[in-house]
Amino acid sequence: MMIEILIAVALVGALVTFVAPNRIAGKLAFAISLVPAVLSLWMFTAFDGSGNALLDGTLAFESQYEWLQLGEYSISWFVGLDGISIPLVVLTTILVSLAIMSSWTPIDDRESQFYGLVLFIEANLIGVFSALDFFLWFIFWEAVLIPMYLLIGIWGGPRRKYAAIKFFVYTNVASLVMFGAFIALVFGLGDSVTSFALPEIATAMLNGGPDGFLGLEGTTLTSVVFVAMFLGFAVKVPVVPFHTWLPDAHVEAPTPASVLLAGVLLKMGTYALLRFNFTMFPGQVETYAVPIAAIAVISVIYGAMLALAQTDLKRIVAYSSVSSMGYVILGLIAYTQFGVGGATFQMVSHGFISGLMFMAVGVIYNATHTRLVTDMSGMADRMPVAVGILIAGAFGYMGLPLMSGFFGEFTIFFGAFGAEQLPYSQVFTSLAMFGIVIVAGYLLFALQRTVFGPYELETDYEVGRAPLHDVVPMFVLLGIIILLGVAPDLIFEMITDAVDPILNGGEL
Amino acid sequence: MTVAVEYYVLLSMGLFCIGLFGVLTRRNALMFLMSAELMLNAANINLIAFAFYHGNLTGQVFALFTMALAAAEVAVGLGIILVLYRNFRDVDVTVPTTMRW
Amino acid sequence: MAGTGTFSYAPAIALFPLVAFVVALVFGKYMPKKGAIAGIFATAGSLLLSLVMFAAVAGGEVYHETLYEWTSGDITSQVGAEEIEFTFGILLDPLSTLMLVIVSLVALLVHVFSLGYMNAEGETGLPRYYAELGLFTFSMLAFVFADNLLMAFMFFELVGLCSYLLIGFWFRTRSAPSAAKKAFLVTRFGDYFFLIGVVAIAATFGTVAFAGDDSFVTAAETAINDGTQLFGFDARTWVTITGLLVLGGVIGKSAQFPLHTWLPDAMEGPTTVSALIHAATMVAAGVYLVARMFGYYALSPTALAIIAFVGGFTALFAATMGVVKDDVKQVLAYSTISQYGYMMLGLGVGGYVAGVFHLMNHAFFKALLFLGAGAVIILMHHEQDMWKMGGLKDKAPVTYYTFLAGALALAGIIPFSGFWSKDEILYDALIVGLEEPVILAAYAMGLVAVFFTGFYTFRMVFLTFHGEPRSEAAEDPHPVGWAVKVPLITLGILATVVGLANLAPIAKLLSIDITFLEFWLDGEYGAIEGLTYHEYHETVPFEEGYISSETVTMLIGAGVSLGLALAGAFTAHTLYNVPEPSRHMTKLGGAYTVLRSNYYQDEFQVWLAEGVTQPIARAADRFDRTVIDGTVNGVSSISLFGSSRVKRIQTGIVTNYAALLVAGFIGLLLVLGLYGGWF
């Protein structure tokens, strides 16, 4: 019941906030969002699941109700958490709370609708990470897009309409590809499945796979579906060359939307890759290991190079997300405990770190009304605390040890270096690792130009320190990042526990 | 002695073609409406003729429905034409094209 | 292993400064001296504990304990290990306790000196300064007692962070942040290879421990003996490759060629920070790492030869650049690069004791010289150009004599500490070099560098302290307080006498056992098995040769190096120890320009960053915006364009719709008719 309560609180909260007066909407939404945050933390401590949700694992907070009967297939409300999904749920609830607090300053128009939409996103995100029935999952998956589209399209920057439509259409078309492929797969599996429950489909896949559908042989169908689903999720991740919607969306989105977009929405892509492609298609993962690893390396290096060429702070962080998500793909394709576990850890870690970075950039933007590196200098002089956190976040991004980013990257590199099923894994890993040099390059360049040097900024008002409610969320995030960096086993153990069955082909 | 069914069909075909010709060539909305009535009645003739030929009443009942439909259509159509005239000072159907895209 | 008693306090050595970091950061504003007190107490505590540990190790105990498991998991390593644990642990053996004492002592003295250098000058941001110093000390101490390679890497990186923060301390200038960025980026480039090395070693051997039976050194030795193939390479080749990868980090942090360029720029930081960076923390970290995992390098003659050659080359290369600098701190910066080159040379030829000996001596005399330079800068009202100094000898005797002691040690003049260690390095290099031509070349470069060292050191001393004052500030120096003098005197004494720790030449001549450091590192008093000089020496695969006999070789080597150092000092004396010295170096013409420009290494690296990387980045950006995003936008444009054409069918004229309807109906009839065979 816990998951239903989480989703219900967020949904009802969204409705309540929608009708609440603008004046109190921010505080009200924050108070409401604390409920799922605290509850999910409690669930985290009370987590008693083991194994992988799709592969005969013991689920925590499981519940299943028959919903619809669609021909031979039944659709059910089926939710539950395993070691992979619970850290992501906690990431979502915490980040939403903090994002709401961080939007008190910048959002000054139609507040109740804004916060209502944020809570609506939260409900759907929790749904995405906990749903275990394909249809249910897909409903949540698509429903995330709508509020995000509105957040960008209404509260965004000057080119918000372009960015919002690009975001929506691009990811939606990708979803269509993925959806079609998956439905074909289910029909191809024929009598061996009777519902859209993911565990059942995963079992059927591992026990022989589809017989064939639409005139395609079973193995061909599997490959086609694998590729189509990979492409569908790759847009969401995003992976080069499907990444161009991301910088536009980030630049135009208001700060809290950016926080959620980078912090959680991108993880939907990699989470789905892990749940579908890397769990159900072990054979194809091996077949396509080299191209996927190549894509990962290209994402890392190319994304970082793009970040190097930017002058807009948000664009820099946006492109660096492309780069960071490349590491995740590399970890997944390594298909070792440290690789896949590290990739999952990196999803969580990057969620917190990129959230922190976008908040810090947002705080500076609130004060300066510019994000261009060339427009400001010496901000550390005026906003020491906010800048201090920005620097800490930047070093977190660079993978400074004892912060969570390092653990994620190190485990990915370590897992990928010795990966047996990935040919040339040492070469791929070494190439991808060069990303840690480039990331240091562009972030340090940006820091040098914006926060250091003599104070220079053309404003007709005095730039002062950031208000407390802007700084508190960043401190919380920084605390979490350091905590996870020092004690990664807090979540890494449960992640590896859930990852192991994938690597063993469903056997515990 | 009854008239063979072919003649009814020919009649209704002729009627329909007249109506169609009207729709395709006239620009006056009233003429349009009348042409549409002609085509409807062509259909009615067919319905009744075949009902008589087959010896059951379903077709005739349908013809009644069509008449009711035609009456309603005329009412709505005349309304539209009135509005058209009010807005454009004309009942030429080629003039009001603003609502197409 | 002894895990009880004294050693259970070992973590506190590093934790004290960490606490000082937090205290200074949070409460520094409200504290007297802005957090300095916290730092002084913390480093004093660390020093005390380090001495206790030192004594305990001297008493024959060692400590090797895993304290905290970071994470663990399953792997498939090349040598068959199936699980790996990444932990934090403490390894206290002769090497690490010695280094702990050095680091905490220098850190303490730097803290004290800062009272006179930073507080007295009324700097702003002092809590930040002391917090960062605390964090720096913490990182370095934790790096020193790390018991595994990953932990070492982690604190190695934190050391880099702290140096970034401290070099950029005066962030309101343009140059300091730029220098800080450069320091971090260049060392990061080295750390990239280091990280690959760590990952490779962990993936190969399934362990990252430095010591014990389950260390990667032991595993590598076993693999070599068994002839195992590692990642498709012969085991020894793979050890060489991974060793060299780790060496990348060392070259970055210890500022060896070609990653040395960050270090002279790092002089943008406060002088106290330079002292800490050069003597005991950041730069020392690299060489210390080589000493720490010396057993691993000892397995690979190729890696050792490369270390030695890079070291010898850097020693000479940096010394030549030091000759033409005008800024007192710049001279010291290049001397640091050069001296660390010597240490690399010593370690590279298997002279483990010699390398560590020089590391220790250098820590003291370089800290002394930098703090001395700091004192000079106070005296000179923040003027650093040596041509504006002169005549400070009589006005600041304490500074002068302590500085002179440091200079004599740096130049390697008998009997100051630097002579003994440098001589030992050169001797070790010579005896190996007589059999290995590559090492002989490295030795020759090191030997030539001795001359330059003597020259630039005394050029600096004479220009700064001798002759007539050449500016108003030099005529009327600002007085320095006790906080400046006490550290200088302490270090001055140490720089003079610490050479007594290992008087190897005298020991050999007189056949008496006074090579205490060698005994220390050899585990005479207590050591962890496998980490002794003795065992390293057996593993090192180099042959040794002598000129007629051991003693004669030693005497020739010592004589030549001392002679060269004296010759350098004497040249400086003739040229610069005059009342009105002139800029003789400009007479070198083209060579002068090249040296002044640091062999265009900076230009080259800036070109790499701005002339190569940035255009590539911009090209990638253009490609991204035009081709990739162009394709995306193109798809939408094509859809829009297509629909804008198709929608024209909807004319809005009912007649047309009707016509289309009819035409469509007729068309359909025709098609059906044709296929249905009606005609």
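Student: Which two chains have the most contacts between them, and how do you know that they are in contact?
Tutor: This is a predicted model, and among its two pairs of chains that touch, the most contacts are between chains A and C. Two residues are in contact if their C-beta atoms lie within 7 Å. By that criterion, 40 residues of chain A are in contact with 41 residues of chain C.

Student: What is the make-up by class of the side of chain A that touches chain C?
Tutor: That side has 26 nonpolar, 11 polar and three charged residues. Gly is counted as polar in this scheme.

Student: How many residues meet where chain B is in contact with chain C?
Tutor: There, 10 residues of chain B are in contact with 10 residues of chain C. Helix H1 (residues 5–25) of chain B supplies the largest share of the chain B side, three residues. By class, the chain B side has seven nonpolar, two polar and one charged residues.

Student: What makes chain A agree with a compact globule?
Tutor: For 508 residues, the rule puts the radius of gyration of a compact globule near 23 Å; chain A has 22 Å, so the value agrees. The C-alpha atoms of chain A fill a box of roughly 70 × 55 × 40 Å along the principal axes. Of the 508 residues, 66% count as buried. Among chain A contacts between residues at least 6 apart in sequence, 79% join residues at least 24 apart. Chain A has 21 helices and four strands.

Student: What does the globule rule give for chain B, and what value does chain B have?
Tutor: A compact globule of 101 residues would have a radius of gyration near 13 Å, but chain B has 17 Å. Its C-alpha atoms fill a box of roughly 55 × 25 × 25 Å along the principal axes. Chain B has three helices and zero strands, in the pattern α-α-α. Of its 101 residues, 15% count as buried. Among contacts in chain B between residues at least 6 apart in sequence, 44% join residues at least 24 apart.

Student: Which residues of helix H8 of chain A are called buried, and why?
Tutor: A residue is called buried because 20 or more other C-beta atoms lie within 10 Å of its own. In H8 (residues 198–206) of chain A, A:Leu198, A:Glu200, A:Ile201, A:Ala202, A:Ala204 and A:Met205 are buried. Their cover includes helix H5 (134–143), helix H7 (160–189) and helix H11 (255–280) of chain A. After H8(A) comes A:Gly208, with a positive phi near 125 degrees.

Student: Why is a set of residues called a nonpolar core, and how many residues has the largest?
Tutor: The name applies because the members are buried residues of the nonpolar kinds listed for a core, joined through C-beta atoms within 7 Å. The largest such core has 478 residues, and those with the most contacts inside it are A:Leu330, A:Ile333, C:Val106 and C:Ala367. Helix H15 (residues 352–379) of chain C gives the most to this core, with 21 residues. Leaving out residues up to four places away in sequence, C:Val106 touches C:Leu276, C:Ala279, C:Ala280, C:Ala363 and C:Ala367. Another core, of five residues, lies apart from the largest one, and among its members are B:Val23, B:Ala29, B:Phe32 and B:Val93.

Student: How far apart are the centres of the two domains of chain C?
Tutor: The domain assignment of chain C gives domain 1 (301–585) and domain 2 (603–676). Their C-alpha centres lie 72 Å apart.

Definitions and conventions: Residues numbered from 1 in each chain as written. Chains lettered and ligands numbered in written order. Predicted model: local features only at pLDDT ≥ 70, side-chain atom pairs only at ≥ 80, totals over all residues. Helix = DSSP H or I, 4+ residues; strand = E, 2+ residues; numbered from the N terminus. Rg over C-alpha atoms; globule rule 2.2 N^0.38 Å. Buried ≥ 20, exposed ≤ 12 C-beta atoms within 10 Å, placed from the backbone. Domains from an automatic or database assignment.
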